[in-house]
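Reader: Hi! Could you walk me through this one while I have it open?

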Amino acid sequence: MTVRSVRAAMTCMGLGTSGDVSLMWNVFGFRQARPPTDPVGGATVTMSLANTFADLSGRHVNLNMIAVGFDGLSAADRDRYVNSVDWAAFRMRQIYDGAGIGVGRVQHYEIAVADARGYDDIGDTDEADDLHDEWGVPNNGIDAFFVRNISAASGGGRLLGRSPIDGDCEKDSKDDGLLAGGANNTDSDSVARTFTHEVGHYLDLEHNHGDSCPTAVSSRRNLMAQTRCVPLVSGTTTPDVRNAVNLASSQGSTMRDHCMVKGGC
Amino acid sequence: MATQKPEKLTGQEFLELSLRDGEAARTISESVLRNHEVADVRAAAANLLGSAGEPRALEAVPALTRAAGDPSAAVRRRVARWLGRLGDDVDVLKRLAADEDPVVRRSADAALTLMSYRLGEPIRLVRDDAADVALETHRGAAVRRIDFDPDQVKGAQRSDAERDLPTVEFADTELLAFRCGKQEVSVLATESLERSGEPFDTLARPRILAALVRYDVCADGGEIAAYVLSDDRDATGGREARLWIMRGNGTVLHGGRAIADPTGITFVLDRSNPPYGPPVLVEGRLDLASMKVTAKGRAGGIPEGRRGSVPTPVATPR
C-alpha cells in the first residue's frame, strides 16, 4: 500500500480517521500545531504533505516526544523550548530522509513537575536511566524525553543527551527510552542534533570515531561524530552543529534493520 | 574567560564552557557555586566539582558542605549526592535527609546509604526493594544466559571508577565482564574484596565489594553503573550477608546473599526490583587463594504486570 491521502496517513499511523484532523498536529506532529521557526533567521519552515506520505510509505520510525517539567519553565522559555522540540522533529525528517528512514507518527506527552519526582532536572546518568525505567508510552514509538534541565556532569563536561546503543523495542525493557535534551540548552540546532544523534544510537549506531576525532571534514560533519569533533563555525569557537548531520549509506542500512523501524504502509 | 566574572556567566555560557573546556569550568566552579544567582547553574557547578576526580573533588568537599544550606533544592540535591561519595560528615547528610523537599530527601538517603557502605558503618542500610521474581519467559522476552568472562583490569576502568568514587580504592586483580542487555559491563572489585583474607570480618560490616563499570559512549569513558554492596543486617557474624546491586542514586536493582567460608565467599543474586532490574539468577564464588571470581547466570525478561507510569498526552491544540 502507498499512502496517498490524509485518511490513509492517519490509518497508517494508527490514529483512526474520525473527528477533526489537523495536518500540523496529527500528520506532521508539531506540538505548536504550526511549523516551527528556524533558529537561524526566524523564518517559518515549509512542509510537504507528499514527503510525509512518502515517509509513511517507506521505512519509518514513530516518535513519542515527552516533555518533562515544562510547566516549571517561564512562559517565554516554554515557548522557546517547545519550538526547539518541534524543530528537532522537523530536522529529524530532513536528516534521516537521506538515510532512507522517514518519520511517521509524532505524538507529544507531558510529565508535570509535580509528577516528575525530580526527573525534570537530570543530575546524573542514574536519574536518566530511572526516568525511562519509570515512565514510558505503551506504543511502538521511540520514547524521547526532553527535560526542563540537565545538570549532569559527563566525562569532561556536561551531559547533553543519552541513549542506549541498539535500544529495546519491547516497552518496559531496560533500554526502552532516551534522554533527548534539556531546556537549559538554548540552541535549537544543538537540541536538534543531540536528539537526532541519540536516536541514531537507539537505532544501533555507534560514534564514527574513537578517542581521536576523525581528520576528514566529511567525517567530522557526520551526525554520529561527538560535538567535540564537529568543525567550528568559521571565525568562532562554536561547533557548527547545524551542518554536522550527515549519515553514510552504511549507517542508514544499519538503522533500517532495527526493530523500531517500521515497514511502509 | 579571563575577562568575565564567573558569576556573570549565563547558564548557556557555563554549559558551553564546560563542554569546551571542562578543566576551565571546574576552576571557576567554586565561585559559581557560591555566588551565581541562577540555581540551575549553581547545581551544575556542584556536579562539576564533585566529578572532578582525585584530588580536586576531595578539595571541593568544604565548598560542597557549605552549599548544603543553599536555598535551592536543586543545589542541595547535588550537594547531597557528592557528599555521600566524597565526605564523611554524617550530620550534614542527615540534615539533608530531613529536608523539606522530597527529592532532596531521596538524594540524601541514597548518599547516606552509599556513605554507610563506604565507611563500613550501619548508618543507613539499603532499603530492601527487591523481591522474589520468577525467572521465566515473560511477554516474549526469553530467559537468556549471562556469560561472565574473566577480564583484566584496565587502567582506564580503574580511573573511571575512581573518578566517580575517589574515596574508594579499586583492586588491581582480575575481574569479570558480562553484558547487561546490550551494554558491556565490567565488575571491578574494591580493596575490601582484595583484602578479604578474613571473609567473616569482611562481610560483618557494610561494604562496597565491587562496582559495575560500563562504557558510556557519549561521555567517551566509563562510569559506575551500580555498586555491589553487602551488609550483615541479620547479625550472622559475617557468615551470611545480604548482597545488593544498587545504582548510585539508591535504586536497588537486585538482591541476594553472600556466604563466607574459610576459603572464600559464595554468592547468589536471586531477587529483583523490576522495572529497574529484570529477574536474574546469578551464582558465583570468590576463591581467596587465587582471588579469582567465577560466576554463571541467567536473566529472564520482563515480568508481567510491571509497567512504568504513562505520561499525559498533550491536549490537541485548537
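Author: Happy to; we can go from the overall fold to the sheet, the chain contact and one glycine.

Reader: Great. Is this from experiment or prediction, and what is chain A built from?

Author: This is a predicted model. Chain A has eight helices and eight strands. Its radius of gyration is 18 Å, close to the 18 Å that the globule rule gives for 265 residues, so chain A is as compact as a globular protein of that length.

Reader: What does the C-alpha trace of chain A span along its principal axes?

Author: About 50 × 45 × 40 Å. Of the 265 residues in chain A, 57% are buried. And if you take contacts in chain A between residues at least 6 apart in sequence, 69% of them join residues at least 24 apart.

Reader: Nice. Now the sheet: which strands form it, and in what order?

Author: Five strands make an open sheet, ordered S8(A)-S4(A)-S1(A)-S2(A)-S12(B), with mixed pairing. The edges are S8 (178-182) of chain A and S12 of chain B; each has a single partner strand, so one side of each is left without a neighbour in the sheet.

Reader: How does S1(A) pair with S4(A) and with S2(A)?

Author: S1 (residues 60-68) of chain A pairs with S2(A) in the parallel sense over eight bridges.

Reader: What links S1(A) to S2(A), and what is the handedness of the crossover?

Author: The chain goes from S1(A) through helix H4 (residues 75-97) of chain A to S2(A), and this β-α-β crossover is right-handed.

Reader: And is S2(A) enclosed or open?

Author: Nine of the ten residues of S2 (residues 102-111) of chain A are buried, so the strand is largely enclosed by the rest of the structure.

Reader: How does it pair with S12(B)?

Author: S2(A) and S12 (residues 312-313) of chain B are antiparallel, with two bridges. A:Glu110 stands opposite B:Thr312, and the bridge partner of A:Tyr109 is B:Pro313.

Reader: Which helix lies across S4 and S8 of chain A?

Author: That is H6 (residues 188-202) of chain A, which runs at about 170 degrees to S8(A).

Reader: Switching to the chain contact: how many residues does each chain give?

Author: Chain A gives 52 residues and chain B gives 49 residues. On the side of chain A, the elements giving two or more residues are S2, H5, S6 (153-154) and S7 (157-158). H5(A) gives the most, with six residues. By class, this side of chain A has twelve nonpolar, 21 polar and 19 charged residues.

Reader: Is H5(A) covered or exposed?

Author: Mostly covered: nine of the ten residues of H5 (residues 125-134) of chain A are buried. Among them are A:Asp126, A:Glu127, A:Leu131 and A:His132.

Reader: Last one. Where is B:Gly222, and is it buried or exposed?

Author: B:Gly222 is in strand S6 (residues 221-231) of chain B. B:Gly222 is buried, with 25 other C-beta atoms within 10 Å, and the cut-off for buried is 20 or more.

Reader: What does it touch?

Author: Not counting residues up to four places away in sequence, the contacts of B:Gly222 include B:Ala156, B:Asp160, B:Val213 and B:Tyr215. As for distance, B:Gly222 and B:Asp164 are 58 residues apart in sequence and 9.4 Å apart in space, C-alpha to C-alpha.

Terms used:
Residues are numbered from 1 along each chain as its sequence is written. Chains are lettered from A and ligands numbered from 1 in the order in which they are written. This is a predicted model: local features need pLDDT of at least 70, side-chain atom pairs count only at pLDDT 80 or more; totals for chains, interfaces and linings use all residues. A residue is buried if 20 or more other C-beta atoms lie within 10 Å of its own, exposed if 12 or fewer, and partly exposed in between; C-beta atoms are placed from the backbone. Helices (H or I, at least four residues) and strands (E, at least two) are DSSP runs, numbered from the N terminus. Two strands pair if DSSP finds at least two bridges between them. A crossover is right-handed if, with the strands pointing away from the viewer, the path from the first strand over the helix to the second runs clockwise. Two residues are in contact if their C-beta atoms, placed from the backbone, lie within 7 Å. Ala, Val, Leu, Ile, Met, Phe, Trp, Tyr, Cys and Pro count as nonpolar, Asp, Glu, Lys and Arg as charged, and the others, Gly among them, as polar. The radius of gyration is taken over C-alpha atoms; the globule rule is 2.2 Å times the number of residues to the power 0.38. Axes are lines fitted to C-alpha atoms, for helices over the stretch in contact, and angles run from 0 to 180 degrees between N-to-C directions.
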